[in-house]
Amino acid sequence: MKAVLDHVGIAVQDLDKALAFYRDALGLEVEEAEEVASQRVRAHFIPVGQPALELLEATAPDSPIARYLEKRGPGIHHITLRVEDIAGALEHLKARGVRLVDQEPRPGAEGALVAFIHPAAAHGALVELKQTAAVGANLTAQRLTLGDLALTSLNAGPFRLDGGAMFGVVPRPLWEKKAPPDDRHRVRLAMRPLVVEADWGRLIIDCGAGDKLSAKQADIFGLDRTRDIGDALAGAGLSTESIDVVLATHLHFDHIGGATTRNDAGALAPRFSRATHVIRRGEWEDATHPHERNRASYVPDDFVPLASAGVVSFHDGDQEIRPGIRVVRTGGHTAHHQIVFIESGGKTAVFPADLISTTAHVDDAWILGFDLFPMETFTFKKQFIREAIDREYLIFFEHDPFVPAGYIREQDGKRYVEKVI
Ligand SMILES: [Zn+2]
Ligand SMILES: [Zn+2]
């Protein structure tokens with residue numbers, strides 16, 4: 001079972017005194033309190049890196065926290081381990097005769113599923129298992145065919161970015177209906193690389209953020225460190241070794257981070273051990289010479305080790321990468337951002353990456369605040385979406401949390417996406 005520390009719960013007798021220490025003396029930021037009615041407690045989360053501290057305040061005399069305080073006084077109450085499949089984890093524990101408090105998962109805070117293991121089984125510690133809502137849904141790889149090609153949309157994990165930055169000049173009252181922000185103003189996203197299987201081999205377009213980000217970065221971007229591209233491929237019956245070509249739309253960390261990993265000796269190495277990595281030279285130049293405006297998006301450890309290992313194949317213009325796989329520069333998001341046309345049997349699918357990150361971005365002017373050249377995005381996007389509607393291109397939405405792919409349709413001048421997978 002793979003698990004990461006999610007948080008440590010601390011039972012608190014006097015909240016004001018506890019805040020005087022954790023918030024005022026330590027200077028930590030305390031999130032807005034959340035009432036957990038079933039437990040008759042109020043939870044005050046304190047992010048500290050990826051795991052958090054949770055101050056637990058009883059809201060009724062018969063609350064389990066009140067009883068705990070009565071018996072033992074304030075102190076560490078439980079530790080929470082996040083797992084990918086809580087039902088499977090409970091089955092696993094039951095099969096081994098582990099004593100549980102909860103036989104079945106039950107709803108916890110923030111839409112998560114939780115279950116407690118009995119302290120007698122965990123050597124005196126109360127251990128909570130948790131499966132977050134974001135992880136519970138929509139993880140399965142989705143397969144479809146396009147002419148002679150097999151396409152598999154993977155989910156390399158959840159991801160969150162600032163809502164304002166995701167929608168640029170679009171006012172919040174408009175975008176928040178489509179993408180409700182969390183209490184840290186972030187909107188829910190996903191990272192969905194696409195695998196293309198053909199008679200010439202197996203190619204993957206982008207590969208998610210990978211497993212190298214620190215706990216702090218994982219917290220900032222809402223990543224799930226129990227899951228990355230290796231797990232996503234395994235879920236589709238594939239492996240990183242089975243990939244022949246890694247094709248990058250651009251080198252932002254959420255698109256190419258998965259291309260390298262640390263080996264047992266701690267050295268950075270290509271994650272796809274047999275693959276050629278196809279990268280546009282202009283994007284490489286920009287990524288290796290960042291400036292203040294784009295520095296946060298480029299992590300040299302994601303791509304520099306690929307060149308050192310001699311596994312990069314640079315290309316310059318728009319061209320066919322493999323039969324049926326064609327790249328076209330859009331500019332806009334980055335000067336050399338490119339999208340991928342996949343063509344077979346008279347049908348066309350397109351992987352527009354950050355040109356149309358989610359289904360909420362199908363309006364021409366809904367452009368990422370991250371874009372370096374937004375007017376370039378606008379011009380390309382306007383012409384591209386018209387073409388996509390008229391020619392019925394199947395569009396893959398790399399960052400959409402719910403819809404991996406669909407057709408962009410237009411009715412009475414209003415655009416929408418007809419979900420395919
Ligand atoms: Zn990007
Ligand atoms: Zn992106």
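Two strands are said to pair if DSSP finds at least two bridges between them. The exercises below apply this to a predicted model.

**Exercise 1. Describe the cover and the partners of strand β13.**

Step 1. Buried means under 20% relative accessible area, and by that cut-off five of the five residues of β13, which spans 194-198, are buried.

Step 2. The cover lies on both faces, for Leu-194, Val-196 and Ala-198 are buried on one side, while Val-195 and Glu-197 are buried on the other.

Step 3. Strand β10, residues 149-153, pairs with β13 in the antiparallel sense over four bridges, and in this pairing Glu-197 of β13 is the bridge partner of Ala-150.

Step 4. Strand β14, residues 201-205, is joined to β13 by five bridges and also runs antiparallel to it, with Leu-203 of β14 as the bridge partner of Val-196.

Step 5. Two residues lie between β13 and β14, and the two strands form a hairpin.

**Exercise 2. Trace the pairings of strand β23 and find the direction of each.**

Step 1. Strand β23, residues 347-351, is mostly covered, since four of its five residues fall under the 20% cut-off for buried.

Step 2. With strand β22, residues 338-344, the pairing of β23 is antiparallel and runs over five bridges, and Val-340 stands opposite Phe-351 of β23.

Step 3. The hairpin of β22 and β23 has two residues between the strands, and within this hairpin Gly-345 takes a positive phi near 55°.

Step 4. With strand β24, residues 394-396, the pairing of β23 is parallel and covers two bridges, and here Val-350 stands opposite Ile-395 of β24.

**Exercise 3. Find whether Gln-13 is buried or exposed, and which residues it is in contact with.**

Step 1. Gln-13 is found in the loop that lies between β1 (3-11) and α1 (15-25).

Step 2. Its relative accessible area is 54%, and because exposed means over 50%, Gln-13 counts as exposed.

Step 3. When neighbours within four places in sequence are left aside, Gln-13 is in contact with Leu-69 and Pro-74; Pro-74 is 61 residues apart from Gln-13 in sequence, yet their C-alpha atoms are 5.7 Å apart in space.

**Exercise 4. Characterise the protein chain as a whole.**

Step 1. The protein chain has twelve helices and 26 strands, and its radius of gyration of 23 Å is close to the 22 Å that the globule rule gives for 421 residues, so the chain is as compact as a globular protein of that length.

Step 2. Of the 421 residues, 52% count as buried, and among the contacts with a separation of 6 or more, 63% come from residues 24 or more positions apart.

Notes:
Residues numbered from 1 in each chain as written. Chains lettered and ligands numbered in written order. Predicted model: local features only at pLDDT ≥ 70, side-chain atom pairs only at ≥ 80, totals over all residues. Heavy atoms only, no water. Rg over C-alpha atoms; globule rule 2.2 N^0.38 Å. Buried < 20%, exposed > 50% of the residue type's maximum accessible area, 1.4 Å probe, protein only. Contact = heavy atoms within 4.5 Å.
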